[in-house]
2 protein chains.
Amino acid sequence: MAQRFDILAIGNAIVDVITTETPEFLSGRGIEKGCMRLIGSDEADALYAAMGPGREISGGSAANTVVGMAALGARTAFVGRVAGDQLGGVFTHDIRAAGVAFDTAASTAGAPTGRCLIVVTPDGDRTMNTYLGACQELSQADLDPAMVADAGILYLEGYLWDPAAPRAAMRRAIEVARARGNKVAMTLSDVFCVEGHRADFQALLAGHVDLMFGNEHEVKALYQTDDLEIAMAELAKHSCITVVTRSEKGAIVIAKDLRAEVPGEVVARVVDSTGAGDMFAGGFMAAMVEGRPLDDCARIGCIAAAEVISHYGARPEADLKALVRARLG
Amino acid sequence: MAQRFDILAIGNAIVDVITTETPEFLSGRGIEKGCMRLIGSDEADALYAAMGPGREISGGSAANTVVGMAALGARTAFVGRVAGDQLGGVFTHDIRAAGVAFDTAASTAGAPTGRCLIVVTPDGDRTMNTYLGACQELSQADLDPAMVADAGILYLEGYLWDPAAPRAAMRRAIEVARARGNKVAMTLSDVFCVEGHRADFQALLAGHVDLMFGNEHEVKALYQTDDLEIAMAELAKHSCITVVTRSEKGAIVIAKDLRAEVPGEVVARVVDSTGAGDMFAGGFMAAMVEGRPLDDCARIGCIAAAEVISHYGARPEADLKALVRARLG
């Protein structure tokens with residue numbers, strides 16, 4: 001029987017607040033440029049007060065990925081927690097307007113909707129300061145096992161492995177998906193996630209996950225090495241397909257007896273690199289759903305990533321389908 | 001004694017919600033392209049549900065104007081009403097981060113912060129659907145007469161002439177400003193404002209306002225004529241300086257015994273024309289504050305307007321001071 005969704009993603013339901021600042025704005029506050037860090041409510045308020053005029057655009061890593069997939073024609077669903085406030089309304093509107101099924105109940109008490117305070121520097125690099133808020137209140141009770149069973153791919157956001165309740169929900173989702181014979185995919189999300197959950201992530205890679213996305217820094221952190229080749233040799237021991245993204249250098253697909261490299265797309269000017277990895281994963285998996293070969297999947301991932309870094313915000317603005325047609329036919 | 005502010009503006013405190021849609025999206029709903037209309041809460045919800053994924057950027061006509069002036073070095077203040085909600089927090093953060101003094105107390109009950117649902121069509125034209133919300137709860141009690149007295153220019157947003165309580169506050173502000181010998185400036189805002197308040201606006205022009213901004217359509221509506229020359233002949237009877245904006249054709253400055261025309265700036269691509277008139281007024285008045293001649297004021301208005309229509313959102317993104325220096329020295 002055909003499944004209702006090509007993919008169901010579980011991730012942070014977040015609205016991005018994007019401003020442009022100098023690199024000194026970050027260094028003066030001891031914030032490492034280019035990374036993601038979690039911050040509490042007080043620090044979020046203090047940092048926001050110091051940031052310049054902003055623009056608010058829906059974000060969240062896995063949410064961005066499924067929005068990209070929907071734009072490429074995939075049937076998508078998302079599970080994540082917002083609060084019943086204005087930013088929760090914005091997130092809900094935007095993901096539904098993008099064609100993604102989203103029905104997780106908003107929390108009525110507790111923390112407000114999560115926000116990511118994104119500082120973009122003039123080089124296009126983004127530094128993310130995430131206040132998770134309602135996101136971390138996601139629990140197993142929010143997960144409809146029938147919906148997980150009804151999606152060809154279960155996609156998990158590494159960022160959400162950090163808080164305990166969502167992690168338990170994701171573990172349960174993996175069980176449901178595997179029992180049904182569905183694929184499980186995951187993103188390592190950030191070096192800090194890998195550092196915090198190395199044993200978990202290695203175990204997932206060895207036995208529970210079919211497809212893993214990570215950038216060079218993340219896969220090196222996974223195997224505690226400075227040498228990408230050593231990390232890739234470790235990855236090649238698993239039947240899990242790992243896709244290593246390398247910014248402008250493109251991507252490498254690794255699995256047992258498989259290695260394919262594709263070059264990056266040329267981008268006239270990187271305005272805001274937020275969402276590059278998310279949109280790569282979206283392009284890659286949308287192409288997989290269509291049954292394309294893995295190297296084409298990686299190429300389409302690069303095309304989608306190139307679109308999203310050419311403007312502010314982590315959601316696509318141009319017609320991704322048309323871009324892929326123009327580049328690959 | 002030197003005054004504390006170059007300008008104090010009274011206007012709508014609004015967050016813009018911007019999406020891109022086809023012209024048919026508007027025509028199919030009977031919405032006239034390129035105009036502004038006021039909508040209620042239910043219609044705002046229904047229209048938002050139909051709109052695509054959006055981006056939220058602070059707006060409000062007079063607020064945009066003073067943000068532009070602040071970017072050009074003027075000392076600015078703003079009076080307008082938000083609610084104590086997340087979008088009110090966004091508006092407050094953004095206008096203060098732009099360097100504008102903003103201290104109007106947020107309402108703690110009643111309507112939420114005002115929103116403008118802006119549909120941008122691929123030609124760059126914008127159609128605005130405004131839910132005023134908390135904006136119309138602004139009243140005379142929110143106005144600090146000492147602050148009005150302490151600003152060289154009092155600037156009034158025509159849009160806010162519509163609801164009664166803010167109109168009363170603006171009338172009181174005019175009295176305070178004139179008693180102190182300050183200048184009073186105003187924007188006609190939209191044809192619907194002129195149609196609704198023609199007698200008031202004509203009376204203001206004849207005796208209470210020193211500087212008036214309007215586009216061709218608005219000044220023609222003011223004198224119920226289809227002929228711009230007839231409207232301009234009427235305007236020339238007053239000592240009030242009127243500046244007529246004409247989109248890509250530039251602007252005309254008219255006063256008793258004065259007429260100056262300046263050409264528009266060339267813009268590579270109009271992405272979103274929202275805020276063009278607001279930013280023109282901001283550039284014009286910032287130059288006036290510097291003591292520049294009127295034709296230079298109009299040129300600087302055109303430079304500021306050209307910047308804001310080259311990207312989404314009605315607030316400047318580039319360095320306006322540098323743009324003016326590069327164009328005029």
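1. The crossing of helix 12 of chain A and helix 13 of chain A is right-handed, a crossing being right-handed if the near helix is turned clockwise from the far one by less than a right angle, and left-handed if anticlockwise. Helices (H or I, at least four residues) and strands (E, at least two) are DSSP runs, numbered from the N terminus.

2. This is a predicted model, in which local features need pLDDT of at least 70 and side-chain atom pairs count only at pLDDT 80 or more, while totals for chains, interfaces and linings use all residues. Residues are numbered from 1 along each chain as its sequence is written, and chains are lettered from A and ligands numbered from 1 in the order in which they are written. For chain A the average pLDDT (the predictor's confidence in each residue, from 0 to 100) is 96, with 100% of the residues scoring at least 70; the model's scores are ipTM 0.93 and pTM 0.95.

3. Helix 12 (residues 294–308) and helix 13 (residues 320–328) of chain A pack at an angle of about 125°, their axes 10 Å apart; the axes are lines fitted to C-alpha atoms over the stretch in contact, and angles run from 0 to 180 degrees between N-to-C directions. The two helices of chain A are therefore oblique to each other, given that angles under 35 degrees count as roughly parallel, over 145 as roughly antiparallel, 65 to 115 as roughly perpendicular and the rest as oblique.

4. Where these helices meet, helix 12 of chain A brings residues including A:I300, A:I303 and A:A304, and helix 13 of chain A brings residues including A:L320, A:L323 and A:V324; residues are in contact if their C-beta atoms, placed from the backbone, lie within 7 Å. By class, this contact has 7 nonpolar, no polar and 4 charged residues (Ala, Val, Leu, Ile, Met, Phe, Trp, Tyr, Cys and Pro count as nonpolar, Asp, Glu, Lys and Arg as charged, and the others, Gly among them, as polar).

5. In chain B, 9 strands form an open sheet of mixed pairing, in the order 6-5-1-9-10-11-12-13-14, where two strands pair if DSSP finds at least two bridges between them. Strand 1 (residues 5–10) and strand 9 (residues 151–157) of chain B run parallel and are joined by 5 bridges, with B:I7 opposite B:I153.

6. The contact between the chains takes 19 residues from chain A and 19 residues from chain B, and helix 4 of chain A gives the most to the chain A side, with 6 residues. Strand 4 of chain A and strand 4 (residues 55–58) of chain B run antiparallel, joined by 3 bridges, and A:E56 has B:E56 as its bridge partner.

Methods. Contact = placed C-beta atoms within 7 Å.
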